[in-house]
Amino acid sequence: RYVETAQRLHAAGYAVLLPDSFHWRGARKMCSTRYGERAVNMAQRVRDVRAALVWVAAQPRVDVQRIGLQGWSNGASTALHVLEQRQLHSMAGEPTLAGVALFYPGCAPLMRRHAKLQAVPLLLQIGACDDWTPAQPCIDLVTALKDRGDGDVTLHVYPDSYHGFDGTSPVRL
């Protein structure tokens, strides 16, 4: 999925950077590892993404007005946390985001703490039948964001769709 998406974006003239917080820290299995036993936590992943944004914005051939984030599952959850952290404090050299497009993030932790996110165009795409990152917390989060007037937020809930609905692998329950 990531390589195919990067190839499509490259073909359309976009530069793509795929930060990987897991493998270089020795983490091989994230989804089947309990949160308390994971080698990589959310704070590390957020720092990695924010550092990657600073780095990519400093590249001479990058249009800093067109930098965005895209993520799936863990990466989508991380992107939401990035938006939360950017709302709280800025980082030197960090670019303004043109938009964020996410597939099936985990929204429950953000919803529980009534998180405020940096206002950027935000697209969340979730499966109505997702049993890994359930749809309802994202529906509730988007409702709260819209009620507060926190930016341009779009939510697509795909009926009869599970986690990874955009992939080519068989559905895992």
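**Close-up views of a predicted chain**

**View A. Glu84 and its salt bridge to Arg113.** Glu84 counts as buried because its relative accessibility is 10%; buried means under 20% relative accessible area, exposed over 50%, and partly exposed in between (1.4 Å probe, protein chains only). The model is predicted, so local features need pLDDT of at least 70 and side-chain atom pairs count only at pLDDT 80 or more, while totals for chains, interfaces and linings use all residues. Residues are numbered from 1 along each chain as its sequence is written, and side-chain values use heavy atoms, with hydrogens and water left out. In the salt bridge between Glu84 and Arg113, the closest N and O atoms are 2.7 Å apart; a salt bridge is a side-chain nitrogen of Lys or Arg within 4 Å of a carboxyl oxygen of Asp or Glu. The pair links distant parts of the chain, with Glu84 in helix H3 and Arg113 in the loop between H4 and S3, 29 residues apart. Helices (H or I, at least four residues) and strands (E, at least two) are DSSP runs numbered from the N terminus. Arg113 is partly exposed, at a relative accessible area of 41%.

**View B. The salt-bridge network of Arg50, Arg86 and Glu94.** Arg50 and Glu94 form a salt bridge whose closest N and O atoms are 2.6 Å apart. Arg50 lies in helix H2 and Glu94 in the loop between H3 and S2, so this pair ties together parts that are 44 residues apart in sequence. Glu94 also forms a salt bridge with Arg86, where the closest N and O atoms are 3.1 Å apart. Arg50 counts as buried because its relative accessibility is 4%; Glu94 is buried, and so is Arg86. Side chains of opposite charge can pair when their charged atoms come close.

**View C. Helix H2 and its N-terminal end.** The 16 residues of H2 (residues 42-57) should span 22 Å at 1.5 Å a residue, and the end C-alpha atoms, 23 Å apart, agree with this; the expected span is 1.5 Å times one less than the number of residues. Asn41 caps the N-terminal end, with a side-chain oxygen 3.0 Å from the backbone nitrogen of Ala43. Met42 lies in H2 and counts as partly exposed because its relative accessibility is 22%. Beyond its neighbours within four places in sequence, Met42 is in contact (heavy atoms within 4.5 Å) with Ser77, Thr78 and His81.

**View D. Helix H5 and what it packs against.** H5 (residues 135-148) has 14 residues and reaches 20 Å from its first C-alpha to its last, close to the 20 Å expected. Its buried residues include Cys138, Leu141 and Leu145. The buried residues of H5 pack against H3, helix H4 (108-112), strand S3 (122-127) and strand S4 (153-158). Just after H5, Gly149 takes a positive phi of about 75 degrees.

**View E. The largest nonpolar core, with Leu97 among its members.** This core is a set of buried Ala, Val, Leu, Ile, Met, Phe, Trp, Tyr and Cys residues joined through side-chain atoms within 4.5 Å. Of its 29 residues, those that touch the most other members are Leu69, Leu80, Leu97, Val100, Leu117, Leu122 and Leu124. Two or more residues each come from H2, H3, strand S2 (99-103), S3 and H5. Leaving aside its neighbours within four places in sequence, Leu97 is in contact with residues including Leu53, Ile67 and Leu83.

Methods:
Polar contact = N/O pair within 3.5 Å; in protein donor to acceptor, adjacent residues only side chain to side chain.
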